[in-house]
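Welcome! Please take a look at the sequence and the structure below, and then let us walk through some of the features together.

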Amino acid sequence: MAFTYPWFLLGLLGVAIPVLIHLFELRKPQRILFSNVEFIQQVKLITARQRKLKHLLVLACRIGVVSCLVLVFAQPFIPAPETRANQAAAVRVILDNSPSMQQLALNDQALLEHGGEQAAELSLVFPQATRFVLWPGKEEPLSAAAYKTAVEQVQVSGQAESVGRMIEQRKGRSAVQSGVTFVFSDFQKNSFSAKSFDGIKPSEDVLLVPLDGKKQANVFVDSVWLDDAFVRTGMDLQLHIRLRNGGQETAENRQVKLFLGAQQAATFQATVPAGKAVTTQVRARLQNTDVQLARVEVEDFPVEFDNVYYFTLQAANRIQVLEISNEAELGRLYGNEPLFSYQHVGIGSADYRLIEAANLLIVREASVVSAGLRETIRRAVQQGATLVVVPTAAPGSRESYNQLFRELGVGPIQWQPVSPRGPVLQELALPSTQNPFFRDVFSGANVRSGMPKAAPLLRWARSGADVLQLRDGEDYLSGFTSGAGMVYVFAAPLSASYSDFAQHPLFVPVFYRLAMMSYQQEQQPAYRLTAAAIRLRLPKEGRTAEAAYQLVQDSLRFIPGQQVQGSILRLDIPPTLRKAGFYALQRSGKTVTTLAFNIDKRESDLRSYTATELRQLIGPNRPNVQVYETGQGQTVAARYKATRVGTPLWRYFIWGALGCLLLEALLLRWYRRTEPAPLATAA
């Protein structure tokens, strides 16, 4: 047995007080005789031996009271078998507050509530001088009382970091550099690994406390997508809804509802096996061009934190196509399709505002590309526009084209000499059906009837994406990344002497495909709360660096970090934005658009490590990392006391002091009683 405060043992000198009292009370009784007491009840006198025993027992009780009280203040304990030198230097607590902690534990509590109770009890284990550091929190040392209050205030957050990442990022960052770390979590398998412990010092103890949830089903919306990237009003949309079961049991006949605004658009039932996904198609229709707030609701109990998936639908804007050439040759191509908005500008009279607003820029056989035009095109491509370059056969224009390629970071590109006998046409190779560029293209063109021919003027060694090639393996149409945009280069002009591609059935679907790939949505249908930042394309009237944007939901207002670069708005997700739902993006009190945020779908996968699996994951080479189990009739704090701090005994000495007081009272009361003697009979 050891003592936390051994100096209190000097209080045992107080045992002398009841001894002195005992000595002063030793007085002999005097016997007084009365006459005519024959008929008075006889009193049995206490003998000297009985009186001596009484005083000794009372004295022992009083000595016991004083001794027990002294030992209570000295804090005796049985030393722990695993005592570490730094066990009370610092206590760090990581309490997982991710959405998955809302599932029910075996005692029908939410895991976060159950883990919080276990974590709060740690304040009673360590000496009062110990400081606690809590995550999530301000990463500052707290007193025991402040720590307990902070634990009670921890709430679920959709932006909570995974436990593994939390451990990795906080290695050595705490203001307290030694001690023990408690980790309370469900330890999901998709976000936790043993790699999180790499770099932990041997002097740092890490105690993992797995919180087990009930085995149950959990159906959630994995993703939602459309067959057609271009959403149009008044037309049926084929909406795909993928449901996934992140639980351990099969979900039978779960009711699923699709809402467009306040109106229910579809409903169906789905059975999803454990760990599997099921995809269902439903039809929906947009009635106007406004942003439509949509959601999918799943009736799934008792895990309800991921029952609603929020997303937005909006009719696609027309794709702005701008042809920069001497003559408007592509007007009939794009003018027949209402999806495109076609405009043409001449080489010498290009409107730079039209260039900045265009999605697809086509520089077709321009005689010369001026410095101002090159700079405007470069800015547009850097901000996400797509540029298609069709070279000209005029030798005097090559230098301006070379300068354009260099400014866009395309190349190196070489010009090929033209034979004195004229251009030599070569047949193009059959396009690959595996090329993403030609997805759904071959259905509109019979390429097997014969491929077009071309006489290449340009040659390049490598590109970002090869679209069409000649039969000798040289590239005819290739794509190059440049900033946020793409640059597609044809190896030959479209004029009849250099190519018959413009008369081939493949011409229309290829140029349509170039235009459709240039389209960039202003916003995604949905975002994750765990994303660090999001990027939005601003409308023309919103492209100003002085704009101040806010995210608004009911009475809540968030001012995110923001940066405007041309037509792109970058928003940092505020750390206080924790709940899934719709948030209006406002500027100067006017709603620009509405954004949908959802919980990271990895949180819905409830597969977690058990205590046994955690021990196997840790392995034998990390003796400072241990696993504590809960639910065995002993709390984490009690187990830590027994194994690391020791077994405290002061409670037993309090009961001992109370027992001595009770025994003393009984002794004094019992010895005051008299025994009646039988009455004397008359002679």
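What volume does the largest pocket have? The largest pocket has a volume of about 1100 Å³. This is a predicted model, in which local features need pLDDT of at least 70, side-chain atom pairs count only at pLDDT 80 or more, and totals for chains, interfaces and linings use all residues. Residues are numbered from 1 along each chain as its sequence is written, and side-chain values use heavy atoms, with hydrogens and water left out.

**Pocket and cavities**

Grid points are joined across faces, edges and corners, and a volume is the space filled by probe spheres set on the points.

The lining of the largest pocket is made up of 43 residues, and those nearest its centre are Asn97, Pro136, Gln159, Ala160 and Glu161. Helix α5 (residues 163-169) contributes the most to this lining, with 4 residues. Helices (H or I, at least four residues) and strands (E, at least two) are DSSP runs, numbered from the N terminus.

The structure also holds 4 cavities of 30 Å³ or more. In the second largest cavity there is about 60 Å³ of space. Its lining has 13 residues, with Asp96, Ser162, Val163, Gln188 and Ser191 lying nearest the centre.

The table sets the two linings side by side.

**Nonpolar cores**

A nonpolar core is a set of buried Ala, Val, Leu, Ile, Met, Phe, Trp, Tyr and Cys residues joined through side-chain atoms within 4.5 Å. Buried means under 20% relative accessible area, exposed over 50%, and partly exposed in between (1.4 Å probe, protein chains only). The largest nonpolar core has 68 residues, and Tyr334, Ile377, Tyr476, Phe501 and Phe511 touch the most other members. There is also a second, separate core of 28 residues, including Val125, Leu142, Tyr147 and Val209.

Helix α8 (residues 371-382) has 12 residues and spans 16 Å from its first C-alpha to its last, close to the 16 Å expected at 1.5 Å a residue; the expected span is 1.5 Å times one less than the number of residues. Which residues of α8 are buried? They are Leu373, Arg374, Thr376, Ile377, Ala380 and Val381. These residues lie on the same side of α8 because they cover an arc of only 165° around the axis, where the arc is that of the directions from the helix axis to the C-beta atoms. Just after α8 comes Gly384, with a positive phi of about 120°.

In helix α9 (residues 398-408), the buried residues are Ser400, Tyr401, Asn402, Leu404, Phe405 and Leu408. Gly409 follows α9, and its phi is positive, near 75°.

**Backbone details in the loops**

Most residues other than glycine have a negative phi, and most peptide bonds are trans. With that in mind, here are some places to look at. Trp135 and Pro136 are joined by a cis peptide bond, with omega about 5°. Pro136 sits in the loop between β4 (132-135) and α4 (144-152), and Pro136 is also one of the residues nearest the centre of the largest pocket. Another cis bond runs from Phe301 to Pro302, with omega near 10°; Pro302 is in the loop between β12 (292-298) and β13 (308-313).

Asp554 is not a glycine, yet its phi is positive, about 55°. Asp554 belongs to the loop between β27 (549-553) and β28 (556-558), and it counts as exposed because its relative accessibility is 76%. Ser588, also not a glycine, has a positive phi of about 60°. Its place is the loop between β31 (581-587) and β32 (590-598), and with a relative accessible area of 74%, Ser588 is exposed.

Notes:
On a 1 Å grid over the protein atoms alone, a cavity is a set of points where a 1.4 Å probe fits but cannot get out, and a pocket is an open set with protein on both sides within 12 Å along at least five of seven lines; lining residues have an atom within 4 Å of a point.
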